[in-house]
Structures are given as structure tokens and as C-alpha cells.
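Hello,

Here is the structure I promised to pass on to you. Please have a look at it first, and then read my notes below.

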Amino acid sequence: MSEERILTPVQAVKDALDVMMKSDENVVVLGEDVGVNGGVFRATDGLIDTYGEKRVMDTPLSEAGIVGAAIGMAMNGMKPVAEIQFFGFIYPAFEQIMTQATRMRYRTMSKFTVPMVIRAPYGAGVHAPEIHSDSMEALFTHMPGIKVVCPSTAYDTKGLLISAIEDPDPVLFLESLKLYRGTKDHVPEEKYTVEIGKGYLAEEGEDVTLIAWGAMMKVALKAAEQAREKGITCDVIDLRTLYPIDKDIIAASVQKTNRCVIVHEAQQTGGLSNDIIRIINDTSFLYLKSPVSTVTAPDVHVPFWALEKAYLPTPERVMDKIQYVMDF
Amino acid sequence: MTQSIAEQFPLIQVIDQDGKLLDDSYKEEITRELCEKFLKQLKLMRALDEKMVNMQRQGRIGTYPLFGGQEAAQVGSAYALEENDWMFPTYRDHAAAITFTNSFNLIANWNGRVEGNIDDSGKKVLPPSVPIATQLPISAGIAMASAYKGEQEVTICYFGDGATSEGDFHEGMNFASVFNAPVVFFNQNNQYAISVPIWKQMKSETIAQKAIAYGMEGKRIDGNDIFAVYFETKKAVDKARKGDGPTLIEAVTWRYGAHTTADDPTKYREDDNEKHRLNDPINRLEKFMNDAGFLSDGWIETIESENESIIEAAVKEFESMEKPNIDDIYDHMFEVNPWTIEEQKAAFKAFFARRANG
């Protein structure tokens with residue numbers, strides 16, 4: 001048993017990059033301000049000192065360029081980890097991901113592949129300026145050919161990022177801005193992996209299944225605490241991977257609790273909750289004692305931060321839905 | 001004194017429209033053997049293009065993008081590459097890709113077959129890029145990786161005049177230049193992006209001059225002069241291989257036909273192909289070879305008949321392909337499919353099986 005090593009998720013990102021860069025010289029990091037500045041959130045802090053500017057590349061301010069170049073590098077034998085400074089800045093690269101990165105394996109019958117990771121901090125709640133708080137993961141879970149990962153703990157951040165770098169296909173790795181320094185847990189020093197596609201039962205209960213990921217895990221766990229005070233216990237599932245979703249963990253839990261509330265900070269229509277509801281429909285329809293409920297953002301843009309609290313799901317709103325599914 | 005754009009980016013030619021040698025410095029390099037290789041391949045590609053159009057009209061392939069008129073730009077640049085170089089063509093560059101790979105598999109692409117995108121040549125040719133200009137940043141990245149790994153490889157990236165209006169043109173050019181990537185950006189300015197003429201596409205006089213903005217070397221060449229194409233591309237490729245950075249080449253050319261078999265160019269431009277035929281890349285080389293005494297009696301007839309057999313064999317092979325395999329829809333999304341795709345595949349198969357069993 002190694003000594004307790006308590007890190008934040010942003011430190012865990014660097015830890016994972018460090019481990020992978022140490023063991024494989026084809027792993028490189030590229031993005032805006034990732035080198036000398038160590039990333040605007042310090043996720044790549046100091047890597048340039050250890051690995052040099054050939055492996056930790058400060059790039060032009062150019063999202064399509066960053067992702068495009070990463071695709072090229074990945075096809076030519078490297079393992080690029082591209083950073084998009086904020087998830088809301090990824091849109092210029094959307095075409096690169098949709099038309100090239102995710103299609104290359106199919107278009108060449110697996111002759112050329114794109115083992116690339118795109119890291120991007122996402123989400124609201126940190127008083128960031130406009131566009132910096134988007135949570136448009138469903139744009140990418142809808143996109144064929146890319147895995148989407150979104151951890152909520154430092155341990156999972158390191159283990160999943162290592163899995164993402166080792167994955168033979170493109171992975172979008174979403175890091176919660178709110179949790180970057182908003183949580184801490186034990187992170188082993190050595191290399192370890194957390195499997196992509198597997199959720200985690202963060203808390204066990206009997207009455208309601210709560211499903212969340214990333215920053216919403218804290219909200220869900222707080223709601224579960226409030227529910228417990230009222231004698232309602234919850235399974236709280238940390239989805240961790242948004243594509244492919246862990247169907248089994250959802251089905252097993254919902255078949256036990258017979259009720260489910262899904263929490264996400266993305267907009268409702270076309271949001272991932274709809275896919276989770278389809279999974280529950282396909283696997284557990286006859287087990288349900290109430291309709292599956294959701295707590296999401298409305299179909300509006302993330303507001304200017306003076307109003308972001310009114311926009312984001314809160315434990316109280318989740319509790320309200322827990323009560324609804326209990327009373328149905 | 002400031003030079004005009006025309007002075008800074010003169011149209012580089014080695015032979016003129018009548019096949020007369022304009023630049024003596026290439027005299028030694030322009031051997032009979034080289035000319036024969038060029039002419040045979042140019043004619044082969046022209047015949048292929050014509051065959052494909054006919055086959056589309058007969059319903060034997062789907063929508064087909066024509067390259068007729070651009071053979072010298074594509075064949076000449078492909079011949080400038082080394083075995084281990086990378087090529088990222090567009091959907092109009094099959095003459096370049098086929099010349100480089102010496103495989104006709106690509107024909108299948110125009111009949112809706114993904115198998116057309118790969119071949120056994122071992123060459124690093126990417127599938128034709130369809131989303132305009134997206135191949136530029138990727139080519140920069142491929143080249144950056146070659147440099148990082150210390151491989152002596154160069155990447156050639158093809159694109160048309162319309163692509164220069166896309167954001168990815170800028171991002172790719174800038175990335176390549178900032179990272180000094182061993183890439184050659186080979187633009188074929190055929191003067192029309194479907195129906196939009198170059199003068200509506202941009203206000204700059206040339207495409208080559210856009211290189212200035214990136215601190216990159218830009219060259220404007222006569223894309224219908226295979227010697228200009230071959231030697232200038234070779235220079236750019238050699239320069240990149242030595243680590244001296246990327247080059248933008250604008251090869252000025254003309255497509256005789258429609259954008260694809262699905263449109264009618266008489267709707268948007270005068271039928272002035274007669275004028276352009278005077279500048280035909282194949283005729284120019286033939287005239288040069290004739291003047292140089294490189295054409296012996298009956299040789300052209302011989303190669304044309306050889307070419308015909310090559311195309312016949314390629315079409316025969318294409319038309320004897322096995323039926324497409326439904327599994328191919330599902331089996332090349334990820335190295336290991338997630339349950340989602342496996343479940344969907346099984347459901348479709350079960351449905352078809354149920355239907356087959358009545």
C-alpha cells in the first residue's frame with residue numbers, strides 16, 4: 001500500500017501526462033499556452049522543463065490547426081494529446097473531428113487510425129467569461145467514432161487519461177473546470193488505468209438511482225445526502241464515460257431501485273439524459289415504479305456568470321425530483 | 001523599388017504552349033526516357049478520366065469528379081515524390097494518387113466502395129479529402145511527426161483554388177510554417193470552384209502570394225507544363241526533406257469538364273475549351289518531344305494501345321469485385337467495437353435474417 005498521495009484533478013492530469021511521456025517518447029502534448037506557461041490551469045505545468053519544447057508544443061491560437069495537426073501526428077505513429085483551452089473553444093475544430101479524425105479508420109478500413117486525445121476543460125460555475133462554460137458533450141457523443149470521457153475524481157482523472165492515451169482511437173477527455181481544484185483524493189504515483197466505458201457506483205442505496213458525471217457528481221452526492229435525511233437512500237452512479245455509456249451499471253441499479261433521476265448541466269433537448277432514458281427503456285422498462293426524471297439546464301445558452309447559479313442544477317433541484325419519483 | 005505581384009510571382013514555365021524549351025538549365029535532365037514516362041502516364045490518365053465519364057453515363061459508376069486538363073499538374077507532382085513520402089489528395093486528384101501508387105483501386109471509390117480508398121502499394125496515400133481544406137492542418141501534422149521521428153519523409157498536400165478561402169487553409173499554412181514542417185502545399189488553381197470563378201473567390205492576384213503571409217516560399221507555376229510542375233515540385237520536396245520548411249505551389253491549370261458528372265458547366269462559364277486546348281498539357285509535351293526527335297514512328301500508337309489494355313484490365317478488376325460486405329459498415333469504427341455498435345449490428349442482422357426466413 002503506497003502512502004496517501006492527495007491530488008486535485010488538475011494535478012492528476014499532469015501526473016498522467018508525466019507517466020505516459022516518461023514511458024513513451026511518441027506521446028506529445030500540444031495546445032495554446034501548454035508549454036512555457038504550463039497551461040492556463042497549470043495542467044501541463046513543468047512538463048516542458050522535463051520533456052522539452054519538441055514534446056510540449058506551444059501552438060498558434062488555432063483550434064482546427066491543433067486538432068488537425070494532432071490527427072496527422074496520430075496517423076504518423078505518434079500519440080498526441082491536444083489541449084483545447086476551454087471546451088467552448090472547440091467549435092472551429094468540430095469539422096476536423098467530425099469529418100477527419102472520427103472517419104479515418106472507417107474510410108481506410110483500419111489502414112490509417114487516429115489514436116489521439118483531445119483534452120478540454122468544460123462546464124459552468126466558476127464565474128468564467130462568456131463561452132468559457134459550455135458543456136456540449138452531447139455534440140460529441142452523437143458523433144460516431146470518438147469516445148467521450150468525463151471523470152469527477154482525481155484518481156479517475158489519472159487512470160482514465162492514461163487509458164485514453166493508450167486507446168487506439170480518438171478520445172475526447174472532458175475535465176471539469178469546477179472540480180479542477182474543487183476536490184481531492186488519493187492518486188497513486190505509479191501508472192494505472194481506469195477502464196473507458198465503465199461507470200462507478202459512488203454511493204449505494206435502495207430507493208432511487210441518481211446518474212451524473214463530472215461536476216454534477218458533487219451535486220448528486222449532496223442531493224443523496226439530503227435524501228438520506230428524509231429516509232430515502234440513493235445509488236449514485238458516476239458515469240465517467242459518456243460514450244460508450246456503461247449500460248450494465250445503469251440497468252443493475254435501476255432494476256434494484258426502480259426509480260431514476262439523471263443530472264446533467266448540459267441543455268435538456270438532445271442532452272445525454274435522453275440516451276440514458278433509452279437504455280433504461282430497453283433494459284428495465286417493467287422495473288420502473290415512476291417515469292425517469294431529469295435535472296438539466298434549460299434549452300438556453302450558459303448565461304453570463306451573474307446568473308449561472310440559477311442555470312446550473314443544484315442539490316435542491318435534484319432533491320425535488322427525487323421526491324417526485326418517490327411520490328409518483 | 002517595390003516589385004509588383006506579377007514580378008514577385010512570375011508564372012514559371014520550362015516549355016511554352018508550342019512545346020519550345022524556354023529554360024535551358026533543364027536540358028540535361030529532360031531525357032527521352034523521362035519524356036516517354038511522362039507522356040505515357042499523361043495519356044493513361046486522360047484515357048482513364050474519359051473512361052470514367054463514359055462509365056458514369058452508362059450507370060457503371062456513381063458521380064465522378066473530372067480532372068481532364070489537370071493531368072500534368074497531378075502526374076508531374078506525383079513523380080516528384082520518393083517512395084516513402086506521404087500524399088494527401090482531394091477528390092479530384094486521382095491522377096496524382098494513381099500515378100504514385102500505380103494502383104487503380106481508387107476507381108471503386110467512385111462507385112460507392114470504401115475498398116477504393118486502400119491498395120496494396122504500401123504507399124502512404126490518404127483517402128481523397130472531401131471536406132475542403134481540412135487536409136492542410138492534417139498534412140502539417142503528418143509532416144511534423146515525420147520531422148519529430150527523424151524520418152526523411154515529405155508530405156504533399158493537394159487542394160484547389162476554392163480551398164484557399166477556408167479557415168483551415170490558413171490554419172494549416174500557419175502551423176506548417178511555425179513548425180517548419182516538411183510539407184509541400186500543392187495548389188491546383190483550375191480557376192473555378194464548381195461555378196465560382198477565381199476572381200469571385202479572392203481579390204489577390206495570385207494564390208502563390210498568400211505564402212508571404214506565412215513567411216513561406218510561394219511559387220506560381222504553369223500547371224500545364226509538366227516540366228515546370230515536376231522540377232518545381234522536386235525542388236520544394238527536396239527543400240522540405242532537408243529541413244528547410246514548407247512551400248506553397250500554385251499550379252495554374254484548367255479543368256475541361258464539369259466539377260462532377262452531376263453539373264453542367266455551360267451554366268456558369270463560356271465554352272472556351274477551344275482556347276484552353278491550345279494549352280493542353282499533353283499536346284505541349286508531345287510537341288516538345290517531336291521537336292526534340294524523341295518520337296519514333298508508331299510509338300504513340302503503341303503506348304495508347306498499351307494504355308487501353310491497362311484501363312481495360314483495371315475496369316475488369318473493378319467490375320469483378322465481390323459484393324460489398326455489410327460488416328464493413330460496423331467493423332471499422334473502433335479497434336474494438338463498443339456494445340452499442342455490436343448491439344446495433346446484431347439487431348440489423350437479426351432483422352435481415354428474420355426477413356429472409358419469411
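What follows is a short tour of the domains, the interfaces and the salt bridges.

A word on conventions first. This is a predicted model, in which local features need pLDDT of at least 70 and side-chain atom pairs count only at pLDDT 80 or more, while totals for chains, interfaces and linings use all residues. Residues are numbered from 1 along each chain as its sequence is written, chains are lettered from A and ligands numbered from 1 in the order in which they are written, and side-chain values use heavy atoms, with hydrogens and water left out.

Let me start inside chain A. Contact here means heavy atoms within 4.5 Å, and it links 29 residues of domain 1 of chain A with 22 residues of domain 2 of chain A. The two domains of chain A bury about 2100 Å² between them, with carbon and sulfur atoms giving 58%. Buried area is the accessible area (1.4 Å probe) that two parts lose on being put together, summed over both.

The rule finds one salt bridge across this domain interface of chain A, where a salt bridge is a side-chain nitrogen of Lys or Arg within 4 Å of a carboxyl oxygen of Asp or Glu. The side chains of A:Asp156 and A:Arg240 meet in a salt bridge at 3.1 Å, N to O. On the side of domain 1 of chain A that touches domain 2 of chain A, helix H6 (137-141), strand E6 (147-149) and helix H7 (154-166) each supply at least two residues. Helices (H or I, at least four residues) and strands (E, at least two) are DSSP runs, numbered from the N terminus.

Now to the two chains together. Between chain A and chain B, 48 residues of chain A are in contact with 46 residues of chain B. About 3900 Å² is buried between chain A and chain B, and carbon and sulfur atoms give 65% of that area. In chain A, the residues that lose the most area to chain B are A:Asn76, A:Arg107 and A:Met109, together 19% of what that side buries.

Which residue of chain B forms a salt bridge with A:Lys247? The partner is B:Glu343, with the closest N and O atoms 2.5 Å apart. The count between chain A and chain B is one salt bridge. Strand E3 (56-58), helix H3 (63-75), helix H4 (94-101) and helix H5 (104-107) of chain A each supply at least two residues of the side that touches chain B. Of these, H3(A) gives the largest share, ten residues.

Chain B itself is divided into domain 1 (5-323) and domain 2 (325-358), with 39 Å between their centres, taken over C-alpha atoms. Chain B has 13 helices and eight strands.

Finally, a search of the whole structure finds 35 salt bridges over all chains. One of them joins A:Asp235 and A:Lys256, with the closest N and O atoms 3.0 Å apart. A:Asp235 lies in strand E11 (residues 234-238) and A:Lys256 in helix H9 (residues 247-257) of chain A, so this pair ties together parts that are 21 residues apart in sequence.

Best wishes

Note on methods. Domains from an automatic or database assignment.
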